[in-house]
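Let's take a friendly walk through this protein, from its overall build down to single residues. Keep the 3D view open as you read.

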Amino acid sequence: MRVLITNDDGIEAPGLDVLEHIAGAVSKDVWVVAPETDQSGASHSLTLAEPLRMRDLGKQHYAVKGTPTDCVIMGVRFLLKDKPPDLVLSGVNRGQNLADDVNYSGTVAGAIEGCLLGVPSIALSLAIGNYETGKPIWDTPMRHGGGLLGKLLKAGWPEGVVLNVNFPDCQPDAVKGMAVTCQGQRHPDLLRIEDRLDTRGKPYYWVGIERRKAKPPKGTDLWAVQSGRISVTPLQLDFTDEVALETLAAALSE
């Protein structure tokens with residue numbers, strides 16, 4: 001099996017080393033193509049207005065001055081075009097990618113791009129209690145990632161589906177198991193804007209998320225990680241709502 005891995009935290013991120021360790025559980029042919037710098041929140045953006053620059057770091061490691069999407073395209077369509085990867089892994093992200101996060105996440109976008117290019121793909125993230133000051137417990141994905149990956153590959157999943165994996169913020173021995181979950185949803189009021197003044201008295205703004213303890217519905221990715229479980233959420237790339245499709249089709253045909 002040939003595995004291509006990427007991330008959105010950048011080529012020097014510790015989570016990338018963790019993911020390389022996880023990939024090593026299923027393959028000895030692992031290729032790393034990751035962004036030159038941190039691309040957190042880049043979502044599925046694609047570099048079109050300027051050329052891509054890529055550095056060969058040796059030992060099948062490459063750094064691309066671009067987004068996770070750019071990296072996966074460079075890996076699949078350029079570096080490995082003669083023998084494409086059998087699997088794309090993106091992560092392990094420093095911080096969770098749950099619920100609405102998947103819309104903004106460069107980690108999830110890297111996996112989505114792999115799926116769009118016809119390669120089975122998985123995004124992996126590690127929750128942190130406090131994103132700003134918390135210390136990631138990398139031992140948790142290190143301990144559980146390889147076994148989970150083996151189980152997922154053995155089970156398989158449909159084309160057009162990306163698996164979004166989130167590890168809980170706890171020690172490896174405290175993990176309560178694995179749960180296949182649906183995507184949760186946070187309250188929109190949690191999104192806020194903080195306004196400040198610079199040293200010259202000019203305003204500037206930070207987009208932020210209010211941290212509020214909540215009780216997410218059982219069966220969601222939020223619930224699983226909060227309860228100490230590894231969450232596996234199958235995300236469908238076809239956004240079409242079949243019920244709305246039929247309703248609108250009936251209304252517009254009259």
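## Ground rules

This is a predicted model, in which local features need pLDDT of at least 70 and side-chain atom pairs count only at pLDDT 80 or more, while totals for chains, interfaces and linings use all residues. Residues are numbered from 1 along each chain as its sequence is written, and side-chain values use heavy atoms, with hydrogens and water left out.

## The whole protein

The protein has 6 helices and 11 strands. Here helices (H or I, at least four residues) and strands (E, at least two) are DSSP runs, numbered from the N terminus. Its C-alpha trace spans about 60 × 45 × 45 Å along the principal axes.

Does the overall size point to a compact globule or to something else? For 254 residues, a compact globule would have a radius of gyration near 18 Å, and the 19 Å of the protein agrees with that. The radius is taken over C-alpha atoms, and the globule rule is 2.2 Å times the number of residues to the power 0.38.

Of the 254 residues, 47% are buried. Buried means under 20% relative accessible area, exposed over 50%, and partly exposed in between (1.4 Å probe, protein chains only). The accessible surface comes to about 14,200 Å², and carbon and sulfur atoms hold 53% of it; these areas come from the Shrake-Rupley method with a 1.4 Å probe.

## Two nonpolar cores

A nonpolar core is a set of buried Ala, Val, Leu, Ile, Met, Phe, Trp, Tyr and Cys residues joined through side-chain atoms within 4.5 Å. In the largest one there are 31 residues, and I5, L89, V92, I122, L124, L152 and V165 have the most contacts inside it. Elements giving two or more residues to this core include β1, β2, β5, α4 (139-155) and β7 (161-167). The largest share, 5 residues, comes from α1. Another core, of 13 residues, lies apart from it and has C71, M74, L80 and V119 among its members. In soluble globular proteins, nonpolar side chains tend to be buried together.

Beyond its neighbours within four places in sequence, I122 is in contact with residues including L87, L89, A111, L152, W157 and V165.

## Helix α2

Which residues of helix α2 (residues 68-79) are buried? They are P68, T69, D70, C71, V72, M74, G75 and V76. Their cover includes the strands β1 (2-6), β2 (29-35), β3 (54-58), β4 (61-64) and β5 (87-94), together with α3 (106-116).

| Pair | Apart in sequence | Apart in space |
|---|---|---|
| C115 and G160 | 45 residues | 6.3 Å |
| A224 and F167 | 57 residues | 9.2 Å |
| N166 and A224 | 58 residues | 8.9 Å |

C115 is found in helix α3 and is buried, with a relative accessible area of 12%. Leaving out residues up to four places away, C115 is in contact with S121, G160, V161, V162 and L237.

N166 lies in strand β7 and counts as buried at 0% relative accessibility.

A224 sits in helix α5 (residues 221-226) and is buried at 0%. With residues up to four places away set aside, A224 touches A179, T181, R229 and S231.

Most residues other than glycine have a negative phi, and most peptide bonds are trans. A cis peptide bond joins G91 and V92, with omega about -15°; V92 lies in strand β5.

S43, in the loop between β2 and β3, has a positive phi near 55° and is partly exposed at 22% relative accessibility. A99, in the loop between β5 and α3, has a positive phi of about 50°, but A99 is buried, with a relative accessible area of 0%.

Methods: Contact means heavy atoms within 4.5 Å.
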